[in-house]
Structure formats: C-alpha cells, structure tokens
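Me: Hi! Could you walk me through a structure I have just opened? I'd like to go through some residues one at a time.

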Amino acid sequence: MMILGVVRMAQPVHGYDVRRELLSWHADKWANVQPGSVYHALKKLAEEGALREVGSEQVGGRPARTRYEMTAKGDEQFRDLLSAALWEQREVEDPFLAGFSLMTELPREEVAAALRHRARQLRADNEGAAAAIASGWAVPENKPTHVRWMLELGIARNEGEIAWCERVAERIEAGEPYVSAELQARWKHGFGHAEHAPD
C-alpha cells in the first residue's frame with residue numbers, strides 16, 4: 001500500500017525516489033516498510049500489472065533508473081488496501097507482549113525495572129515528537145497537516161502506555177501476587193491437562 005501510494009502521488013517516479021520518500025517518512029519504523037525491499041516490490045507490482053514501466057534513464061556511471069506509474073489495476077488495488085487500513089482495527093505485533101506474558105519467570109525487580117525503562121523510552125519518544133511539532137518541522141509549509149496529527153497520535157498512545165507501565169511497576173514492587181494459589185496448583189499438575197488425559 002505504501003509503495004503504491006507514493007508512486008500514485010509522484011508518478012512517473014523512480015524506485016530510488018520512492019525509497020527516499022518512504023525513508024523520509026520513517027516508514028520503516030511504523031509501517032513495516034523495509035528500504036531494501038522497495039525495488040523488489042516495484043518489480044513485483046509491475047509483473048502483477050499494478051504498475052507499468054514508463055522508461056528509464058541513466059545518470060553518469062550509475063545503473064539505469066526505471067520510472068513507474070500506476071495502472072487501473074494498481075489504482076484499484078491501492079484503494080482497496082487503503083480502505084482496509086483505515087477501516088479495520090488490527091492488533092499490532094509487539095515483542096514486548098511476548099516477553100510480558102512470561103514475566104513470572106524473572107525476578108520482580110527486573111520486571112519492574114524493565115517497565116520503568118520502557119516508560120522512560122516512550123517519554124523520550126514523546127519529547128522528540130513534541131519538539132518536532134514545536135520547532136515548526138510539521139507545519140503545513142513543510143509537511144502535510146496529517147503528519148502532525150500522526151505525531152500527536154503517537155504521543156497520545158505513548159502517554160497511555162507510560163501510565164500503564166508505571167502503574168504495573170508499582171504493583172509488582174508492592175508484591176501483588178501474579179498467580180492465585182489455585183492456579184499455581186493446577187500449573188504444577190501440567191496446566192490442568194492431566195484430568196483430560198486419555199485412559
């Protein structure tokens with residue numbers, strides 16, 4: 001979707017410019033767009049008929065740069081992907097959740113320290129985003145208005161997680177039990193599967 005979108009906005013456009021534009025958006029961090037995969041994706045989209053090659057040019061001794069533009073099929077595909085992205089709510093894959101699900105296997109002080117560290121990192125991210133907004137970097141003369149709105153969304157999400165990290169760290173440090181005695185007893189007997197074992 002992101003690659004099709006940039007081609008649609010700037011067509012006809014070289015793969016180098018698509019890659020550079022996506023990097024300027026830091027899309028590798030929030031949209032799972034890997035810079036090294038852009039050229040391959042453009043070729044694949046062209047093979048599938050979503051894009052068409054509209055010539056190439058060579059500057060100096062550099063390899064020739066192919067220019068791409070959207071086809072009707074590509075435009076339809078882009079609109080479908082864009083609508084799905086805007087209307088569908090999906091869980092975001094976050095390795096932190098996998099780690100947190102096994103927090104009982106670490107000392108309490110380590111888990112609490114990790115949560116407080118995460119809160120500090122999120123605070124630093126928010127300070128960077130707030131500085132970008134305050135500096136005028138995200139004003140309409142420099143960036144589309146929705147770029148500032150995206151920064152504000154990131155700040156709002158981080159604020160919620162910062163509060164959660166600090167609240168849970170306090171509860172861990174206070175010694176709140178992780179597991180009830182009843183559940184712990186079931187775990188010791190194979191997570192409760194023993195009673196369902198075949199005869």
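This is a predicted model: local features need pLDDT of at least 70, side-chain atom pairs count only at pLDDT 80 or more; totals for chains, interfaces and linings use all residues.

Me: Where is Thr 71 found? And is Thr 71 buried or exposed?

Reply: Thr 71 sits in the loop between β3 and α5, with α5 covering residues 72-87. Thr 71 counts as buried because its relative accessible area is 12%, and the cut-off for buried is under 20%.

Me: Nice. Leu 51 came up there, so let's do cores. Which residues touch the most other members in the largest nonpolar core?

Reply: That core has 19 residues, and the ones that touch the most other members are Ile 3, Leu 4, Val 7, Val 18, Leu 22, Leu 42 and Leu 51. At least two residues of this core come from each of α1 (2-10), α2 (15-24), α4 (38-47) and β3 (65-70). The largest share, 5 residues, is from α1.

Me: What about Leu 22, which residues is it in contact with beyond four places in sequence?

Reply: Leu 22 is in contact with Met 2, Ile 3, Val 6, Ala 27, Val 33 and Val 38, leaving aside neighbours within four places. There is also a second, separate core of 12 residues, and Phe 96, Ala 119, Ile 162 and Val 168 are among them.

Me: Switching topic: how many cavities of 30 Å³ or more turn up in the whole structure?

Reply: The search finds 1. The volume of the largest cavity is about 40 Å³.

Me: Which residues line the largest cavity?

Reply: The lining is made of Arg 19, Leu 22, Leu 23, Ala 27, Asp 28, Val 33, Pro 35 and Val 38. Two or more of the lining residues come from each of α2 and α3 (27-30). The largest share of the lining, 3 residues, is from α2.

Me: Now for a charged one elsewhere. Where does Arg 118 lie, and why does it count as buried?

Reply: Arg 118 lies in helix α7, residues 108-134. Arg 118 counts as buried because its relative accessible area is 18%, and buried means under 20%.

Me: What does the side chain of Arg 118 make a polar contact with?

Reply: The partner is the side chain of Asp 94, at 3.0 Å. Beyond four places in sequence, Arg 118 is in contact with Asp 94, Phe 96, Glu 161 and Cys 165. From Arg 118 to Glu 161 there are 43 residues in sequence, and the C-alpha to C-alpha separation is 9.0 Å.

Me: Where is Asn 126 placed, and is Asn 126 buried or exposed?

Reply: Asn 126 is in helix α7. Asn 126 is buried, with a relative accessible area of 10%. Past its neighbours within four places in sequence, Asn 126 is in contact with Gly 154, Ile 155, Asn 158, Glu 159 and Ile 162.

Me: Last one: which peptide bond is cis?

Reply: The peptide bond from Gln 11 to Pro 12 is cis, with omega near -10°. Pro 12 is in the loop between α1 and β1 (13-14). For background, most peptide bonds are trans.

Technical notes: Residues are numbered from 1 along each chain as its sequence is written. Side-chain values use heavy atoms; hydrogens and water are left out. Helices (H or I, at least four residues) and strands (E, at least two) are DSSP runs, numbered from the N terminus. Buried means under 20% relative accessible area, exposed over 50%, partly exposed in between (1.4 Å probe, protein chains only). Contact means heavy atoms within 4.5 Å. A polar contact is a pair of N or O atoms within 3.5 Å; within protein, one must be able to donate a hydrogen and the other to accept it, and residues adjacent in sequence count only if both atoms are side-chain atoms. A nonpolar core is a set of buried Ala, Val, Leu, Ile, Met, Phe, Trp, Tyr and Cys residues joined through side-chain atoms within 4.5 Å. On a 1 Å grid over the protein atoms alone, a cavity is a set of points where a 1.4 Å probe fits but cannot get out, and a pocket is an open set with protein on both sides within 12 Å along at least five of seven lines; lining residues have an atom within 4 Å of a point. Grid points are joined across faces, edges and corners, and a volume is the space filled by probe spheres set on the points.
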